[in-house]
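Here is a short briefing on one protein chain. Look at the fold first, then follow the points below.

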Amino acid sequence: MLIPFSSRKESPESSLSLSEILPLGYLYILILGILAESLYYGLIGINFLSYASILDVLLGPIAILTDKPILLILLIVVGSVFYYLMIVKGKKSSNKSDSESKGVTVYAAYGIVMSVMVLFAFVGYGLGKGMKERSNIGENKIKHDVTLHFLNGEKKEVRKLGNTSTFIFHIQKDQKSISISPISNNIKEIEQMK
């Protein structure tokens, strides 16, 4: 059972246990990572899944939340408001009504609402970031923010578009094409410019 439907007459054994929720959470994080990263990289012309490992996909949502802490704060604030409205106000209204209703519990409804909200936040983040980056590339408004030091002694000033655990995606100075460089056995240092 995907969603823990329960009524007041059912036993507590009918809801999902932790061992049943963990694989669903794992799948949810995979979907978040694939959607956000694939949308961003797809809009700038890179097939992300060709260069990513499963670890890159799983850590993608965490990397997004640490990259943009405002997104994390926004999700916590909106989640708290939804929690107050759905749980606290829901309990007050259910105490007033004596009729027993079947369907989704208040906690399950809150979980569903939060899951959908986080999904849309990550999709919006991937779309917004990808469209902005594509626009900047098209209009040549690229600020080169990284110097790559290669093992052969070569240095390149680039605009880093992103990276996986094994590849770095970048645009070289005075070029519009995106370059993809392997990190291991190729790049000695990635220097952030101020």
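Start with a crossing of two helices. Helix 3 (residues 54-67) packs with helix 5 (residues 106-138) at an angle of about 70°, and their axes are 12 Å apart. That makes helix 3 roughly perpendicular to helix 5, a label for angles of 65 to 115 degrees, while under 35 is roughly parallel, over 145 roughly antiparallel and the rest oblique. This is a predicted model: local features need pLDDT of at least 70, side-chain atom pairs count only at pLDDT 80 or more, and totals for chains, interfaces and linings use all residues. Residues are numbered from 1 along each chain as its sequence is written, and side-chain values use heavy atoms, with hydrogens and water left out.

**Overall picture**
- The protein has five helices and five strands. Helices (H or I, at least four residues) and strands (E, at least two) are DSSP runs, numbered from the N terminus.
- From the N terminus on, the order is α-α-α-α-α-β-β-β-β-β.
- Of the 194 residues in the protein, 29% are buried. Buried means under 20% relative accessible area, exposed means over 50%, and partly exposed lies in between (1.4 Å probe, protein chains only).
- The accessible surface comes to about 12400 Å², and 62% of it belongs to carbon and sulfur atoms. Such areas come from the Shrake-Rupley method with a 1.4 Å probe; for residues, only the protein chains shown count as cover.
- Take the contacts between residues at least 6 apart in sequence: 58% of them join residues at least 24 apart. Contact means heavy atoms within 4.5 Å.

**Helix 3 against helix 5**
- Helix 3 brings P61, I64, L65 and D67 to this contact, and helix 5 brings F122, Y125 and K129.
- By class, the contact of helix 3 with helix 5 has five nonpolar, no polar and two charged residues. Ala, Val, Leu, Ile, Met, Phe, Trp, Tyr, Cys and Pro count as nonpolar, Asp, Glu, Lys and Arg as charged, and the others, Gly among them, as polar.
- Axes are lines fitted to C-alpha atoms, for helices over the stretch in contact, and angles run from 0 to 180 degrees between N-to-C directions.

**Helix 1 against helix 3**
- Helix 1 and helix 3 pack at an angle of about 80°, with axes 8 Å apart.
- That makes helix 1 roughly perpendicular to helix 3.
- Helix 1 contributes residues including Y26, I29 and L30, and helix 3 contributes residues including I54, V57 and L58.
- The classes in the contact of helix 1 with helix 3 are 11 nonpolar, two polar and one charged.

**Helix 1 itself**
- Helix 1 (residues 18-43) has 26 residues and reaches 37 Å from its first C-alpha to its last, close to the 38 Å expected at 1.5 Å a residue. The expected span is 1.5 Å times one less than the number of residues.
- L30, L32, G33, A36, E37, Y40 and Y41 of helix 1 are buried.
- These buried residues pack against helix 2 (48-51), helix 3, helix 5, strand 2 (155-163) and strand 3 (167-172).
- Just after helix 1, G45 takes a positive phi of about 95°.

**Helix 5 and two asparagines**
- The 33 residues of helix 5 should span 48 Å at 1.5 Å a residue, and its end C-alpha atoms are 48 Å apart, which agrees.
- N140 lies in the loop between helix 5 and strand 1 (146-150). N140 has a positive phi of about 55° although it is not a glycine.
- N185 sits in the loop between strand 4 (178-182) and strand 5 (187-192). Phi of N185 is near 60°, a positive value in a residue other than glycine.
- N185 is exposed, with a relative accessible area of 76%.
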